[in-house]
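Let's take a walk through this structure together. Have the sequence and the 3D view at hand as we go.

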Amino acid sequence: MAKNDRLRLLTHIRAMIGCGTFREGDKLPSLRALAGQFDMTMSTARNAMLELERAGLISMRQGDGNYVNGGKLGKSKPPKWQIAIFTDGTTSLEPTHSYSAHALLGIQERAAECDCRIEIFFSEFYSRTEPLTIDKNEVAGKDALIFLSLYDKNPLAFPAGIPAVGLLMGEMYGGRMSTVGLDCFITARLARQYFGSLGIDRIKCLYFDFGFPRDMFHVVKAEFSEAGGCEGLTLADNHPPLEWFDDPSCGYLIVGGSISNITQQSYRKKYGRAMTDDFRLLSIDGKSRYLPDFEPVPNIGIDWRQAGRTLLDEAIFRITNPAVPGRRLSMLPDLQIPS
């Protein structure tokens with residue numbers, strides 16, 4: 001675990017230097033602050049800093065702190081734009097645990113190219129049930145906001161006058177929010193083609209009744225209306241009852257990679273075999289492509305790193321075109337079947 005924690009911190013600091021958030025001469029957060037932020041020991045945080053110093057990226061000054069070493073970074077200059085990123089917990093920085101980490105890497109890559117400075121805030125979105133209010137102090141001086149892992153699960157309040165962009169969101173907050181996600185219509189068509197190739201024209205769709213999942217369900221239902229039909233099964237949480245899976249003759253479309261994985265793991269634990277041995281499953285969002293601990297399953301998804309780049313590009317577009325309201329940007333998904 002310490003090794004994974006160290007790599008997570010290394011990846012974060014390198015990316016933040018690469019995109020210009022930490023610039024030449026900047027003092028990094030203290031070891032105690034980093035250890036607390038990333039939920040690791042002081043020793044692990046110190047080992048990560050030592051590795052960054054050996055790479056020439058920082059200088060560790062005993063009794064003073066750790067500073068970004070400009071020798072390998074070139075001349076520093078003020079950023080064109082400053083953008084706040086809100087995401088769900090520090091595990092969202094770990095590429096082997098969260099697809100959001102891949103989107104964040106795309107944001108950081110594009111920020112370096114566009115001379116943007118980003119600041120990341122962790123808010124534990126998904127575990128909360130109350131409305132979410134963004135602190136005005138966190139967005140002071142920011143030109144735009146980007147939201148990852150929010151999913152429309154909670155109502156969101158953020159200051160007026162600041163353009164925002166959300167990943168996999170349905171609510172546009174009166175034109176203040178742009179959204180980036182899968183093209184629902186192409187996704188539904190790919191789902192019908194996949195199940196049709198298996199001789200299945202009737203499906204059950206598991207989805208949350210809010211935001212993107214709800215939008216996705218309605219498009220899928222329309223797509224299957226001329227076939228055998230689509231029955232909706234509304235989720236209360238990420239743990240659908242295994243009793244819902246009672247008909248091997250129909251297909252099961254699960255809107256959400258985490259839900260798909262949790263369901264498959266529960267099935268394997270109970271029955272000692274893969275769920276895909278007994279049922280035809282298809283997952284939407286493609287998380288299983290990126291996360292090695294996820295059960296392999298046929299899935300429809302997008303390039304999450306490219307999605308991150310698109311998020312940043314849309315944020316800049318909204319900054320430079322303040323009269324343009326929020327837009328829905330749909331990325332082209334594809335179907336992947338594990339070998």
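Before we start, one term: a residue is called buried when its relative accessible area is under 20%, exposed when that area is over 50%, and partly exposed in between, using a 1.4 Å probe and protein chains only. What you're looking at is a predicted model, where local features need pLDDT of at least 70 and side-chain atom pairs count only at pLDDT 80 or more, while totals for chains, interfaces and linings use all residues. Residues are numbered from 1 along each chain as its sequence is written, and side-chain values use heavy atoms, with hydrogens and water left out.

With that in hand, take S149. Its relative accessibility is 6%, so S149 counts as buried. You'll find S149 in the loop between strand 6 (144–147) and strand 7 (156–157); helices (H or I, at least four residues) and strands (E, at least two) are DSSP runs, numbered from the N terminus. Most residues other than glycine have a negative phi. S149 isn't a glycine, yet its phi is positive, at about 65 degrees. Y173 is also a non-glycine residue with a positive phi, of about 50 degrees. Y173 sits in the loop between strand 8 (164–167) and strand 9 (177–182), and it counts as buried because its relative accessibility is 17%.

Now for the interior. Nonpolar side chains tend to be buried together in soluble globular proteins. A nonpolar core here is a set of buried Ala, Val, Leu, Ile, Met, Phe, Trp, Tyr and Cys residues joined through side-chain atoms within 4.5 Å. The largest one has 87 residues, and M49, I83, I146 and L167 touch the most other members. Helix 9 (residues 304–320) gives the most to this core, with seven residues. A second, separate core has 17 residues, among them I134, L145, M169 and M177. Back to L167: leaving aside residues up to four places away in sequence, it touches Y99, A103, F147, L148, V180, W304, A307 and L311, where contact means heavy atoms within 4.5 Å.

Next, follow helix 9 to helix 4 (residues 99–114): the two pack at an angle of about 50 degrees, with their axes 6 Å apart. The axes are lines fitted to C-alpha atoms, for helices over the stretch in contact, and angles run from 0 to 180 degrees between N-to-C directions. That makes helix 4 oblique to helix 9; angles under 35 degrees count as roughly parallel, over 145 as roughly antiparallel, 65 to 115 as roughly perpendicular, and the rest as oblique. Residues making the contact include Y99, A103 and I107 of helix 4 and W304, L311 and I316 of helix 9.

Finally, look at the open sheet, where six strands run in the order 11-10-12-13-14-16 with mixed pairing. Two strands pair if DSSP finds at least two bridges between them. Strand 11 (229–234) and strand 16 (334–336) are at the edges with a single partner strand each, so one side of each has no neighbour in the sheet. From one strand to the next, the twist averages 25 degrees. Strand 12 (residues 251–255) and strand 13 run parallel, joined by five bridges; Y252 has L281 in strand 13 as its bridge partner.
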